[in-house]
Amino acid sequence: MSFALFFSPLFLGCLVVASGWEKSIKLIHGWKTTFEARLQRATVRQGKFAKYISRPFWAGSRGIWNQTERIHRDDVRAAVRLAAAIYYFGFMILALVLFGYAALMIIIVIAMIVFSLWALGKYLGWDSPNGDSSSSPLYPVTSSRVEGLTGTRIEHYDEQRRKIGESLEREGILENYIEHIDRDGQKVGESHTREGMLEDYIERTDSDGKKIGETREREGLLDDYSEHTDKHGNKIGESRIREGLLDTYIEHDFSNARRFCTSCGARLAAGATFCTSCGQRCR
Ligand SMILES: [Zn+2]
């Protein structure tokens, strides 16, 4: 059985030669365009998955087509390509599954360590429930890039287009980061680019440097957008680049933020005035 399975790609290849079906031969040769497009996409992408998995995978696929270029007979070339691609894809999928399994095990172990630390913290009373309840975050509705005397900054506005704050790029010791200030010029937080397991992301901190959430680039059905999560991993909003009449601006949707307690992350009931999990007052 496994013997037959192992040789089936070769059999398929022979079938292509035997049939001499013009359409399927053309189709197989045409896959090179697909591989090239995928490779191009993976090359411009940041992140670990694109860098270590997608890129070498599509480069290898294209490599098979390049290596077989000198086989003169059209049908034989298609047959060899098809058989080689099936072996290659099969091998890569197997490798990916094994790699994914190992990565999953590592994630589970890390999650268990984090959880036990969190449980220990709760037990020792590290995080008091009313620690950061005073500062309820103010979310912008739109943001625009503004060219100033000192450089470029992003201004944030509420629904009446009143300025509620701005973000500026700062030079750090190791890397540049974004500093967020409110309308009075007080620093309210920072954003730093971090390298994740699969992709880079932005870590958002408050004025004390405590992590308040993450932001990731996402591919939507219609457009790309940024997804914001709070420190508990709840999705609280999305941001999209929009073309306005006069300029390009960023549109934010933080309507989801009101559904979660900023202190403990529990889901809030509609119109709730306090969190039933930790007792914090809601906005
Ligand atoms: Zn709560």
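## Glycine 20 and helix 1

Let's start at glycine 20, which has a positive phi of about 60° just after helix 1; helices here are DSSP runs of H or I, at least four residues, numbered from the N terminus. This is a predicted model, where local features need pLDDT of at least 70, side-chain atom pairs count only at pLDDT 80 or more, and totals for chains, interfaces and linings use all residues. Residues are numbered from 1 along each chain as its sequence is written.

Helix 1 itself covers residues 2-19 and bends by about 45° at serine 8, the bend being the angle between axes fitted to the seven residues ending there and the seven starting there. Proline 9 follows within four residues.

## Helices 2 and 3

Next come helix 2 (residues 22-44) and helix 3 (residues 48-67), which pack with their axes 9 Å apart at an angle of about 155°. Axes are lines fitted to C-alpha atoms over the stretch in contact, and angles run from 0 to 180 degrees between N-to-C directions. That makes the two helices roughly antiparallel, a label for angles over 145 degrees.

Technical notes
Expected span 1.5 Å × (residues − 1). Parallel < 35°, antiparallel > 145°, perpendicular 65-115°, else oblique.
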